[in-house]
Amino acid sequence: MKQFRLPDLGEGLQEAEIIEWHVQPGDTVEVDQLLVSVETAKAIVEVPSPRAGVVSRCFGAPGDLLHVGSPLVEFEGPAEDSGTVVGSLGQAAGHSDLAADDFIIGAAPSSRAARAVRAAPRARQLAERLGVALDTLQGSGTDGLITEEDVQRAAAGPDGGEAVRSVRRSMARNMARAHAEVVPVTLVEDADLHLWPSGQRDPMVRLARAIARACLSEPALNVAFDGVRMSLVRHQQVDLGVAVDTPDGLFVPVLRDVANRDAEDLRAGLDRLRADVLNRSIPPRELMGATITLSNYGTLFGRYASPVVVPPQVAIVGAGVIRDQVVAVDGQPVVHRILPLSLTVDHRAVTGGEAARFLKALVTDLQRAE
C-alpha cells in the first residue's frame with residue numbers, strides 16, 4: 001500500500017482538524033483531485049491528491065486532529081510513502097496503527113489476553129501528566145484510538161468540557177506567550193472628529209492611514225523585537241494587522257503597505273480581507289507578517305481597552321465607540337463626535353516618550369479635515 005501523509009501546510013502550521021472527506025475507500029481519484037478539507041489555526045485548507053489511483057483507506061474522521069506527517073490517505077499499490085513527511089511521527093497525534101502505541105493493562109508484556117489499550121503517543125504523555133487512566137477511556141479515533149481530545153475530556157471531569165481547537169487554540173497560545181514575554185504599557189486619548197465630513201461613520205480607512213503616518217512620525221513603534229537576542233528589525237513599510245471578530249475566534253489579516261495606498265484601495269483591501277476571513281478562504285500568508293495591529297472593538301462596544309501586543313510586534317492601537325460628547329470650545333460647551341483611542345506598547349522596546357509621540361501624531365492626523 002502507498003500512503004500519503006498530511007503535508008507541510010506552510011507558515012509554521014503543524015496540525016489540522018479534519019472538516020470533511022471528499023473521497024471514500026474504493027474511490028478512484030486523479031492527480032490534484034480534492035481529497036479532504038482540513039482546518040488549521042489560520043484557515044480552511046483543501047488537500048489535493050498527489051497521485052492517481054484507488055483509495056484503500058482514509059485516516060481519521062471529521063473532528064479528528066492530525067499532525068503534519070500523520071497518515072492521511074492510503075492508496076492501492078506498492079508500499080512507499082508519497083507524502084511530504086515533516087517532523088517525527090513519534091510526536092504526532094495521528095489516528096492510525098503507525099501512530100498508535102499498543103500496550104497491555106494488568107498482564108505481562110508477552111501476554112495478549114488482557115485488553116489492549118491503543119493510544120497515540122502524545123495522548124499517553126498527556127494522560128500521564130493529567131493522571132488519567134487510559135484503560136477507562138473509549139477512544140474516538142480510528143479503530144478506537146485514544147486521542148489527546150479523549151484525555152482532555154476525561155480530565156475535565158463529570159461536568160464535561162470542550163477541547164479548544166483551531167483558531168481559539170492558536171489565540172490561547174499567542175495570548176499566553178504575549179502575557180509571558182511582553183511588558184505592556186497603555187496610553188489613552190480622544191480624537192475630536194468634528195472636522196470630519198458629515199455622514200462619515202466608518203473610521204477604518206482613516207484609522208489605517210493615520211496609523212501609517214504616525215509610524216512614519218515615530219518609527220520606533222513599527223519594529224519587530226526579539227527579546228531573546230535583544231535585537232530589533234526596523235520595518236521599511238507599514239503592514240497593518242486588522243483584528244476581525246468571528247464566531248470561530250479572532251483573526252488578524254494583514255493590510256499591506258498602508259502608507260503607500262490611497263483610500264479607495266485601502267477600502268477595497270479591507271473589504272476583501274474581511275470577506276475572506278468570514279468565508280474561511282483567506283490564505284495563511286495573509287495572516288502573517290503584520291508590523292503593527294489595529295483592534296477596532298468600537299464596532300461592538302467599549303470606550304477604552306488595554307489591547308494585547310503579540311510579539312514580535314511592539315504596539316497595538318485600540319479604537320472605541322465613536323460617540324457624541326460635550327467638549328469645551330472657547331469656554332463654551334458644544335457637542336462633538338469623539339473617538340476614544342488606546343495604545344499599548346511593549347515597554348521592553350518602546351519608551352514612554354516614543355509611545356506618547358506616536359499617539360499624539362495619530363490623534364493629530366485623525367482630527368484633520370480630510
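A note to myself on the ground rules. This is a predicted model, in which local features need pLDDT of at least 70, side-chain atom pairs count only at pLDDT 80 or more, and totals for chains, interfaces and linings use all residues. Residues are numbered from 1 along each chain as its sequence is written, and side-chain values use heavy atoms, with hydrogens and water left out.

**Entry: the whole chain.** I find six helices and 22 strands in the protein chain; these are DSSP runs numbered from the N terminus, with helices being H or I of at least four residues and strands being E of at least two. I then turned to contacts, meaning heavy atoms within 4.5 Å. Of the contacts in the protein chain with a separation of 6 or more, 63% are between residues 24 or more positions apart.

**Entry: strand E4.** I went to E4 (residues 34-39) and found five of its six residues buried. Two strands pair if DSSP finds at least two bridges between them. E4 pairs in the antiparallel sense with E2 (residues 15-21) over four bridges, and there Glu17 stands opposite Glu39 of E4. With E5 (residues 44-48), E4 also pairs in the antiparallel sense, over five bridges; Val38 stands opposite Val45 in E5.

**Entry: strand E19 and its partners.** Which way do the residues of E19 (residues 292-295) point? I see Ile292 and Leu294 pointing one way and Thr293 and Ser295 the other, and all are buried. E15 (residues 240-242) runs parallel to E19, joined by three bridges, and Leu240 stands opposite Ile292. E20 (residues 315-319) also pairs with E19 in the parallel sense over three bridges, with Gly318 in E20 as the bridge partner of Ser295.

**Entry: helix H6.** I checked the length of H6 (residues 352-366): at 1.5 Å a residue its 15 residues should span 21 Å, and the end C-alpha atoms are 21 Å apart, which agrees. The expected span here is 1.5 Å times one less than the number of residues. Buried residues of H6 include Glu354, Phe358, Leu362 and Asp365. The buried residues of H6 pack against E12 (184-192), H4 (204-217), E19, E20 and E22 (332-346), which takes me back to the strands of the previous entry.

**Entry: Leu250.** This residue lies in E17 (residues 249-251) and is partly exposed, with a relative accessible area of 36%. Leaving aside neighbours within four places in sequence, I list its contacts as Val167, Met171, Ala243, Val244 and Asp245. Met171 is 79 residues away along the chain, yet the C-alpha atoms of Leu250 and Met171 are separated by 7.0 Å.

**Entry: cavities.** How many cavities of 30 Å³ or more does a search of the whole structure find? I get one. A cavity is a set of points, on a 1 Å grid over the protein atoms alone, where a 1.4 Å probe fits but cannot get out; lining residues have an atom within 4 Å of a point. The largest cavity has a volume of about 40 Å³, a volume being the space filled by probe spheres set on the points. Its lining is Val242, Val244, Pro253, Leu270, Leu273 and Arg274, and helix H5 (residues 263-278) gives the largest share, three residues. Val244 turns up here as well as among the contacts of Leu250.

Conventions:
On a 1 Å grid over the protein atoms alone, a cavity is a set of points where a 1.4 Å probe fits but cannot get out, and a pocket is an open set with protein on both sides within 12 Å along at least five of seven lines; lining residues have an atom within 4 Å of a point. Buried means under 20% relative accessible area, exposed over 50%, partly exposed in between (1.4 Å probe, protein chains only).
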